[in-house]
Amino acid sequence: MENAPSPFFERLAENTAWMAWTWPTAAFFAVIASLLATFTVLALWKPERARVGVLRIPTTRGDRLFITLLGSAFINLAWLALVGPNLGWALALCLVYALAVFRLV
């Protein structure tokens, strides 16, 4: 028997052929998926009560993750517009921003 791909993977390849799948793109989506899975397991394993931070609204871990991802997208877009395609320092800025959000918000 040959190692033919399953119908699921054939269909998946057909439906995602329009997207430019590169290693950085795949890594980005893998990181987002793993963050969502980790936060889901963490919420089930150790539930958390919402806390009030500098925004003066109650936020949970998931809320802070969403704020971090949204802010990081804007940081990267601004970096691309103002500085250029070298995103190494933008990543460092996003990590600092994420630490600030999870500590203060």
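User: How many salt bridges does the count come to here?

Analyst: Happy to walk through it. The general idea is to look for a side-chain nitrogen of Lys or Arg within 4 Å of a carboxyl oxygen of Asp or Glu. In this predicted model, the count comes to two salt bridges.

User: Which residue forms a salt bridge with arginine 61, and how far apart are the closest N and O atoms?

Analyst: That partner is glutamate 48, with 3.9 Å between the closest N and O atoms. Because the cut-off is 4 Å, this pair qualifies as a salt bridge.

User: Which parts of the chain does that pair tie together?

Analyst: Glutamate 48 sits in the loop between helix H2 (23-45) and strand E1 (51-52), while arginine 61 belongs to helix H3 (residues 61-82), so the contact joins parts 13 residues apart in sequence.

User: And what is the N to O distance between glutamate 48 and arginine 64?

Analyst: Their side chains meet in a salt bridge at 2.9 Å.

User: How should I picture Glu48, Arg61 and Arg64?

Analyst: Picture them as linked in a network of salt bridges.

Key:
Residues numbered from 1 in each chain as written. Predicted model: local features only at pLDDT ≥ 70, side-chain atom pairs only at ≥ 80, totals over all residues. Heavy atoms only, no water. Helix = DSSP H or I, 4+ residues; strand = E, 2+ residues; numbered from the N terminus.
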